[in-house]
Amino acid sequence: MLSLNRKTKGEALFDLLNNIGMLLICFVTLYPIWYVVVNSLNEGVDGMRGGIYWWPRIFSFENYMGVFRNPGIMTAMGVTVAKTLLGTILHVFFTAMVAYAFSRRELIGGKIYIFIGTVTLFFGGGLIPTYLLMKDLHLLDNFLVYIIPVMFSFFDLIIFMTFFREIPDGLEEAAEIDGANDWSIFIRIIIPVSMPVIATISLFHGVYQWNDYFTGVIYMNNMDLQPIQTYLYRVVAQSSSNQMVAQIPGGIGKTVTSQSIKLATMVVTTLPIVFVYPFLQRYFVKGMMIGSIKG
Amino acid sequence: MENMRPSPPRRHWMRKLHRQRHIQIMALLGIAWIILFNYVPMYGIIIAFKDYRIIRTIAEAPWVGLEHFKAFFEDDNFVNVMKNTLGISLIKLIIGFPLPIIFALFLNEIRSLRYKKAIQTISYLPHFLSWVVLGGILTTWLADVGIINNILLALNLIKEPISYLAEPDYFWGIIITSDIWKELGWSAIIYLAAISSVSPDLYEAATIDGAGRFQKMWYVTLPSIKGTISILFILAVSGVLNSNFDQILVLRNALNESASNVIDIYVYQTGMLSGRFSYSTAVGLFKSVIALILLLIANSVTKKLNNTSLF
């Protein structure tokens, strides 16, 4: 507070340089994304000449039309939307439910349960044993492979549990006197008062579900059940880009290229997340703190 | 107390269990899930010591002891895989760990709250993009006709375009830079949160003592968030061998293999693509053991240094 009205020369210089540095970081962060957006909005064949940095040269929505007319991309998009919605709801509900039970201090065996869970933070089976389990459970080529194996996370349970323990006991006791059992206390009282932490975990898991491509790569041979990220992975990393153009039904194949369709697909894939995260940010900063500092 | 509850302790315990049957069901559903999806794969690790073929069950497969581990140590890929894993991880730790702290310190010095918030929001945007999308951006940028080559050619810094992703020499640099680009803002959140809880009195006192901005950062802010830094450092060290599988899988190709083949990629290749289940499980287990040792070392070192530890 002291230095508020008087700013020395050094202070002013520091602020100036700091501001410039921060603006530079913002530019470096945003520009690669902007570059993809403007190139995806440029006519594909013209775009191959390069040199589009700030604004489309020949503005065109053809690439996006190509994306939306491609049955393969749209199916993959549908799979992603379905697995993100269903996966997130189940993950949050199930993890919160177990966390609620674990958070009750009178729970018989509670200490052992928490020990069993804590072990999983440090040890795991690894890729192959996990794959063999999925195979034995008949989850290969099964949509449920996106949902059930990630329905629970002990790390998220800790975040929930920390939050639940702060809820005043009086709230539960009052409901108990009114004759509510633990299930209805959890659903009607605990969930509604826990919206900040539920929003946080939903965002984390939703982003995970939306962005995960590896599950599709190893467990899914059925192309109709692959998510959009797996589809993109097969195009980006394995550069079998021709398959994309081939799938676009007649006519517009002349102005779009595999590259321009790829860019438009990347934008379409990313947009939902970009729209959602600013709304949830005040929640997840809090959630991160609960989760990490007490860890 | 005993006199007030005449029922024997055993019945009392059962009554308690009965009263909490609903939360017991909730808890046990979770435990069942953990046992199935976490502990069963841990049991599956024993195939690292067996000769497991897909037709046999795990129990039937014959024991072979440490044969698969020996095979890995003698494999031509061993030195290369270890070099890439440790090299990428170490550089990430040395450069990638302090940068978010520095960023948070300087962001904290921004006076306007709205401006600060805007920068923060922008800086963690890339965290929410998938590595597949970023891989697409990077392959576009780093292509022969990509923006990087165009700029360098225009500035006369290079004579011919370079295929960056086809050159092993550039691979580590690309991996580390893009990882920092993606996670800098996100990793800084936790430090900013810790900084915001430092008492303003300390800064005021430092100002009265004539401390400048850098001195306040060094003598007030940094010591105040030492605990947070230690915890995150332990976690970073124990996770150091996870050299971002998702990221490398997207960016690797046959040409940069000598720089991109890390343990996780090697496990994926030998296990999933070549079907050598026992061998690749052994390699994965070897990695986990090293990671555990690193975790214990980091934990005891930070404990000695400043009395903070994970356990």
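Reader: What makes the pair A:Glu11 and B:Arg111 a salt bridge?

Author: First, keep in mind that this is a predicted model. The closest N and O atoms of A:Glu11 and B:Arg111 are 3.5 Å apart. The cut-off is 4 Å between a side-chain nitrogen of Lys or Arg and a carboxyl oxygen of Asp or Glu, so the pair qualifies.

Reader: Why is A:Glu11 called buried?

Author: Its relative accessible area is 14%. Buried means under 20%, so A:Glu11 gets that label. B:Arg111 has 46% relative accessibility. That value falls between 20% and 50%, so B:Arg111 counts as partly exposed.

Reader: And what makes B:Arg213 and B:Glu109 a salt bridge?

Author: Their closest N and O atoms are 2.6 Å apart, and the limit is 4 Å, so the label holds. The two link distant parts of the chain: B:Arg213 belongs to helix α11 (residues 213–224) of chain B, B:Glu109 to the loop between α5 and α6 of chain B, and 104 residues separate them. Both B:Arg213 and B:Glu109 are buried. Through shared partners, salt bridges tie A:Glu11, A:Asp15, B:Glu109, B:Arg111 and B:Arg213 into one network.

Reader: How many salt bridges are there over all chains?

Author: The structure holds 13. One of them pairs B:Arg53 with B:Asp51, at 3.1 Å from N to O.

Reader: Why is B:Asp51 called partly exposed rather than buried?

Author: B:Asp51 has 21% relative accessibility. Buried requires under 20%, so B:Asp51 goes down as partly exposed. B:Arg53 is partly exposed too, with a relative accessible area of 46%.

Reader: What makes A:Trp54 exposed?

Author: The relative accessible area of A:Trp54 is 53%. A:Trp54 is in the loop between α2 (44–47) and α3 (62–69) of chain A. A:Trp54 also belongs to a nonpolar surface patch with A:Leu24, A:Phe27, A:Val28, A:Trp34 and A:Trp55, and together they have about 710 Å² of accessible area.

Reader: Is A:Thr80 buried or exposed, and how do you know?

Author: Buried: A:Thr80 has a relative accessible area of 0%, and the cut-off for buried is under 20%, so the call follows. A:Thr80 lies in helix α4 (residues 71–103) of chain A. Leaving out residues up to four places away in sequence, A:Thr80 touches A:Trp210, A:Pro227 and A:Ile228.

Reader: How do you know what span to expect for helix α7 of chain A?

Author: The expected span is 1.5 Å times one less than the number of residues. Helix α7 (residues 154–166) has 13 residues, and its 19 Å from first C-alpha to last is close to the 18 Å expected. The buried residues of α7(A) include A:Phe154, A:Leu157 and A:Phe160.

Reader: What about helix α16 of chain B, and what comes just after it?

Author: Helix α16 (residues 277–306) of chain B has 30 residues and reaches 43 Å, close to the 44 Å expected. Just after α16(B), B:Asn307 takes a positive phi of about 65 degrees.

Reader: How many helices and strands does chain A have?

Author: Chain A has 14 helices and 0 strands. Of the 295 residues in chain A, 51% are buried.

Notes:
Residues numbered from 1 in each chain as written. Chains lettered and ligands numbered in written order. Predicted model: local features only at pLDDT ≥ 70, side-chain atom pairs only at ≥ 80, totals over all residues. Heavy atoms only, no water. Patch = residues over 30% accessible without salt bridge, like charges linked within 9 Å, V, L, I, M, F, W, Y side chains within 5 Å. Areas by Shrake-Rupley, 256 points an atom, 1.4 Å probe, with all protein chains shown as cover. Helix = DSSP H or I, 4+ residues; strand = E, 2+ residues; numbered from the N terminus. Buried < 20%, exposed > 50% of the residue type's maximum accessible area, 1.4 Å probe, protein only. Contact = heavy atoms within 4.5 Å.
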